[in-house]
Amino acid sequence: MSLNKRDALLVLLVGVFAIFFGKKITLSRDEPASTASNNISQRRAGTETGDALYDWAQWNSFVQNNAVERGYDIIGGATIRGGRAARDIRAGEYFIRLDLDAAFSMRTIESDPVLREALGFNSQLYREVIPSAIEAQNLEYEHPWEHAVPLALLHHISLPEKSSRYWGYLEELRQTNLSAQPAFHPPEFVFEKFPELFNSEDDKANWITVDWDWQEMYTIMSRRSRRHLEINFPDLFGPHILVRGQPILSDDNQLWASQLFYSRYWGQDLDLFGDGKSSMHGAMLPIMDSLNYAFDSPVDCGVSGGPKEGGNFFSCWTKSPIQKGDAIVWKYSETTDMQTAIRSWGFYHPNMLDGRPAKPSAAIQENRETATVRKAPVLRKIDENYVETGDALYDWAAMNPFINNVNGAVTRGFNEINGQMIRGTVAARDIEAGEEYIRLELDAAISLRTIDKDPVLQNVLGTQSEYFNEILPVAYAATNMKFDDRYEYILPLAILYHASLPGRESPWWGYISEMLDADLSYHPSSLTPEDMFENFPDVFANDGIRGVWMKQDDDWVEAYYIISRRTRRFLEKNYPDIFGPQILVRGQPILSQDNQLWACQLFVTRFWGEDYDIFSNNRIANHGAMLPVMDSYNYAWDSAGGHLCGVSGERDENGNYYYRCKTSRAIKKGSPLRFQYSVDVCRSDAIRTWGFFVPEMPLCDHEHHFRSQGGDSRGKAEQK
């Protein structure tokens with residue numbers, strides 16, 4: 001039987017979004033955590049050699065081997081650790097035999113009462129969490145065991161020396177060199193190493209497409225697995241448990257374990273469900289999977305046996321005699337192609353099949369539209385005698401036909417807030433009670449409405465674009481954020497586009513200049529939960545409130561990662577003249593993760609919650625808009641100005657709705673202009689939006705709940 005390696009995409013690790021609450025397990029790390037780890041009868045079959053794998057096999061009653069010992073093979077000019085014949089082996093002989101319980105597989109998990117609850121077939125992880133996580137990615141397969149078995153592997157490696165029933169096999173795995181695996185390198189590493197397979201842009205693009213999908217899948221799975229298992233099984237998978245000098249479920253450990261599994265696993269297990277049948281659940285086979293491969297070899301390995309042989313087992317046998325001292329290598333599967341071999345092992349054999357598509361994939365054939373950067377419209381000056389002040393925002397506003405800062409009512413100022421002088425807005429003249437002192441036509445805003453009217457952006461980001469109607473909804477659906485406010489990501493991208501235009505080519509050049517100067521390093525999306533708890537100890541007063549924040553932060557970080565990656569991939573490929581990596585904003589590629597985060601922060605701290613006539617239906621819509629000048633105001637709990645700002649309730653002299661600010665009180669020249677906070681804004685919500693709160697704000701509902709309870713566990717917080 002030939003090796004059944006799966007000709008598919010690279011394996012990833014298990015994950016979970018929703019937090020499920022299983023039994024908390026309390027175990028001492030001084031003793032083996034798994035009761036089944038030691039339930040193995042052992043026999044003494046020889047003296048120890050110092051080779052952990054073969055010494056362990058000699059003691060193990062499930063492994064029968066007196067034919068193979070450690071050897072080294074020359075492969076591709078390099079000396080590689082493998083196996084050699086310890087004696088003459090006859091043709092037709094089963095020279096390695098492993099009982100089914102010797103394999104590391106789902107059987108290992110099911111036979112261990114501790115791991116069975118955490119990772120087994122009937123666990124919440126396997127039945128609910130993994131399937132929901134698989135739905136969040138682009139790779140088309142459903143093999144939960146590929147995610148569960150590497151996690152079990154990490155658990156066994158974390159056990160004290162020789163506590164695991166697989167101790168010698170685990171030592172072999174620890175010494176495995178995975179540096180050649182593509183999963184640890186960018187695509188360029190693979191292209192440089194194998195130029196003969198990637199000599200066209202389409203070949204490279206096909207590899208990059210899979211690599212992007214794999215990296216995204218791995219990140220989602222590793223984050224969700226860590227969150228689920230750390231919370232529900234802390235004594236098995238808590239961050240205090242170290243493997244390879246790191247927390248057991250660190251990203252690096254999960255990647256390492258998945259690559260160990262994928263580069264070694266056998267594609268079949270037997271009698272896994274007590275029915276005597278073979279099933280496609282991968283198994284790792286000690287001794288056997290330490291042998292190397294050759295394209296032409298008499299050795300074959302696989303599931304063997306049956307009733308006549310006294311049961312089923314894994315075995316290796318040979319068609320031809322093997323002399324003592326000769327290398328023992330497996331025969332490659334005849335269906336293995338070069339690209340799959342590279343993904344699995346980091347190398348290939350020239351006699352393998354060529355797995356490259358005969359023609360470019362559908363993804364490569366997509367329409368790669370380009371767009372030409374348009375020239376800025378000619379803006380008239382409201383006051384022909386206006387002299388530029390050097391303040392880009394107000395100079396731009398004075399020239400903009402869509403903005404009316406009525407008789408120069410407002411200008412730059414600095415407001416004292418919490419003892420600090422913060423850039424804001426002050427009255428440049430006396431403003432009368434009831435006066436409408438700022439007016440913005442709808443076209444002054446950065447909104448879906450103005451994007452749909454933009455000759456460049458309408459086909460890229462507009463409400464009829466592929467990105468708006470297909471790419472972004474699918475990305476949102478892959479996250480755990482239960483909303484579809486697409487404008488919240490569209491408008492930040494519009495900001496980046498306008499920020500990329502040189503000089504005054506953007507119609508919003510002065511407004512963009514204002515935003516480029518913004519310092520958002522204090523924003524929660526740039527900080528860890530621990531930073532926030534330290535900065536606001538009075539708000540995050542107990543475990544319950546902290547638990548709610550940590551869950552929300554986890555969800556947000558993952559959603560941002562998914563959306564930003566899919567956005568960059570789509571826009572760079574289809575609109576390289578607008579969003580290609582050669583276009584820089586803030587000294588970085590326009591769609592770098594840092595730039596996308598910065599633009600999202602700008603949007604969330606400034607946007608106005610309403611826009612008008614987006615879909616030409618003469619209705620107000622809850623699609624955010626960014627309002628120049630008006631959004632430069634600071635806030636106060638009790639605004640002395642009584643400002644009323646937003647979409648006007650009436651039409652202007654031309655019959656159009658507009659944005660405006662008016663005041664119910666007279667304002668003296670030089671007085672700070674501030675918006676009043678909404679009475680609905682609570683403390684932790686304000687912190688999440690702006691990075692600060694004012695003491696007058698009420699507690700949020702979950703803050704009320706957990707303070708009234710006198711504190712509670714993180715688990716109950718997340719369950720709420």
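Trainee: What does the relative accessibility of Lys162 tell me?

Mentor: Start with the classes. Buried means under 20% relative accessible area, exposed means over 50%, and partly exposed falls in between (1.4 Å probe, protein chains only). Lys162 has 45% relative accessibility, so it counts as partly exposed. Before we go on, the model is predicted: local features need pLDDT of at least 70, side-chain atom pairs count only at pLDDT 80 or more, and totals for chains, interfaces and linings use all residues. Residues are numbered from 1 along each chain as its sequence is written, and side-chain values use heavy atoms, with hydrogens and water left out.

Trainee: Where does Lys162 lie?

Mentor: First, the element names. Helices (H or I, at least four residues) and strands (E, at least two) are DSSP runs, numbered from the N terminus. Lys162 lies in the loop between α5 (145-158) and α6 (167-174).

Trainee: How many residues of the protein are buried, as a percentage?

Mentor: Of its 720 residues, 56% count as buried. The protein has 24 helices and 24 strands. For surface totals, accessible areas come from the Shrake-Rupley method with a 1.4 Å probe; for residues, only the protein chains shown count as cover. The accessible surface of the protein comes to about 31,000 Å². Carbon and sulfur atoms account for 49% of that surface.

Trainee: Which helix has 8 of its 8 residues buried?

Mentor: That is α13 (residues 392-399), so this helix is largely enclosed by the rest of the structure. Its buried residues include Tyr394, Asp395 and Trp396. Helix α16 is largely enclosed too, because 13 of its 14 residues are buried.

Trainee: How do I judge the span of α16?

Mentor: Compare it with an expected value: 1.5 Å times one less than the number of residues in the helix. Helix α16 (residues 487-500) reaches 20 Å from its first C-alpha to its last, close to the 20 Å expected.

Trainee: What happens at the start of α19?

Mentor: Look for a polar contact: a pair of N or O atoms within 3.5 Å. Within protein, one must be able to donate a hydrogen and the other to accept it, and residues adjacent in sequence count only if both atoms are side-chain atoms. Here, a side-chain oxygen of Asn542 reaches to within 3.0 Å of the backbone nitrogen of Gly544.

Trainee: What is Phe468 in contact with?

Mentor: Contact means heavy atoms within 4.5 Å. Leaving aside neighbours within four places in sequence, the contacts of Phe468 include Leu448, Leu461, Arg486 and Ile490. Phe468 is found in helix α15 (residues 466-477). Phe468 is buried, with a relative accessible area of 7%. Residues 24 or more positions apart account for 67% of them.

Trainee: How many aromatic pairs does the structure hold?

Mentor: Rings of Phe, Tyr and Trp (its six-membered ring) pair if their centres lie within 6.5 Å. Planes under 30 degrees apart count as stacked, over 60 as edge-to-face and the rest as tilted. The structure holds 21 such pairs. Phe121 and Tyr126 have ring centres 5.1 Å apart and planes at 85°, so the pair is edge-to-face. Both Phe121 and Tyr126 are buried. Tyr262 and Tyr265 have ring centres 5.9 Å apart and planes at 45°, so this pair is tilted.

Trainee: Which residue lies over the face of Phe313?

Mentor: A charge sits over a ring if NZ of Lys or CZ of Arg is within 6 Å of the ring centre and within 35 degrees of the ring normal. Arg97 lies over the face of Phe313, at 3.7 Å from the ring centre. Arg688 lies over the face of Trp549, at 3.7 Å from the ring centre.
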